Amino acid sequence: MAKVVCFYSVHQCGGNPKEYIGSFNVTKVAVERRSAFLNSYPQILDDSNGVNDTKMIQTMIYQFVNNIGKLRGSITGSQHTASWRSIMLTSGENEILAYAEAQGVAARVIPITDFSFEGEDESFSGKLYTSFTDNHGAIGIEFLNRWKDKRNIYSREFEEYRKMYLEKSVKNDVARRISLHYSFIVFTGKVLNDLFNREGLNVDLNALEALFYNISNENKAVDRPLLELEQLLEEIDSNRNRLYVEYEPTQTISALYHNGELYLTPAYIKESLGVNAKQIRSAWLKRNVTVTFKNKDLDVDYTTINKRGRAHKGILINKDVIKKLGFDFSTKKF
């Protein structure tokens, strides 16, 4: 019965955008089974704001990029484990990274924000939709026919794109991890322009390149450690009652401002970041966001600050990083 239903769905859908696109009103099991069914076809989910439980999104991302379903057992042994090799496309008012806490998620997602089809009139979206509806599936067959004659040449060219985007991302750890996948997107655009040149197809490769610069340099959501620090600094800046400057706060201390330097307390970081605290602190230290100190011949990210006869542990934040993020905790602010 299941095979009949699947065949009927494909027959009815035929790649039609109306039937093909799914929603976020879905369970992880449903995403897994649909991914296995689609196999090498993209999984498309529309409107992340429609998800029932935002905590599900992070787990779903990890599940999907691992290309394999959950291992399940039965009374007769292990069940068949589904697998797939594809990509997932999502949309929403908020970036999907906003719903994830783990640093590793940013290295598995390519966020595209503030991107528009410049120079197009109001009829563009309607024409695009009509084209998808009337011609879905047609270009795929023709692409394969034209690709097979040049596949060896294109395979060598892809290596050049991979190296180029790896070099473009040297200043951003997360962007470097997604550079391989992004280079493939641009490479695909180049191949499509080449294969369908006589039909007038013209994917703007310059716009795609500019978008990658935006992801690497401006989109802090890609850089999870920096985003977490910015959020902590915003909280301290808006709640100065927990910042120890001259007099000890009556509330729990989040940070100390001492001799022109800002120190975050380890307890505050753990309270705010939870299980990700150790990982984020390690990333800060490697990137000189925080300062290294010696403790019994070991490199650590904390030191002891003495204020009014009491010792406090603090993690020193690099002044240049604080300034870059747009904060000022100097005494002139008080």
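Select K168 and Y165 to start: K168 lies over the face of Y165, 5.6 Å from the ring centre. A charge counts as over a ring if NZ of Lys or CZ of Arg is within 6 Å of the ring centre and within 35 degrees of the ring normal. This is a predicted model, in which local features need pLDDT of at least 70, side-chain atom pairs count only at pLDDT 80 or more, and totals for chains, interfaces and linings use all residues. Residues are numbered from 1 along each chain as its sequence is written, and side-chain values use heavy atoms, with hydrogens and water left out.

Go next to R34 and Y20. The charged end of R34 sits over the ring of Y20, 5.8 Å from its centre.

Now display the aromatic rings. The structure holds twelve aromatic pairs (rings of Phe, Tyr and Trp, the last by its six-membered ring, with centres within 6.5 Å; planes under 30 degrees apart are stacked, over 60 edge-to-face, the rest tilted). Select Y182 and F212, a tilted pair at 4.9 Å centre to centre with 40° between the planes. Y182 belongs to helix α7 (residues 173-195) and F212 to helix α8 (residues 205-217), so the pair ties together parts 30 residues apart in sequence. Helices here are DSSP runs of H or I, at least four residues, numbered from the N terminus. Y182 and F212 are both buried, that is, under 20% relative accessible area with a 1.4 Å probe, protein chains only.

Move to F327 and F329. Their ring centres are 6.1 Å apart and their planes at 15°, so this pair is stacked. F327 and F329 are buried too.

Last, select F143, W147, Y154, F158, Y161, F184 and F187, which ring pairs link into a cluster.

Methods: Helix = DSSP H or I, 4+ residues; strand = E, 2+ residues; numbered from the N terminus. Buried < 20%, exposed > 50% of the residue type's maximum accessible area, 1.4 Å probe, protein only.
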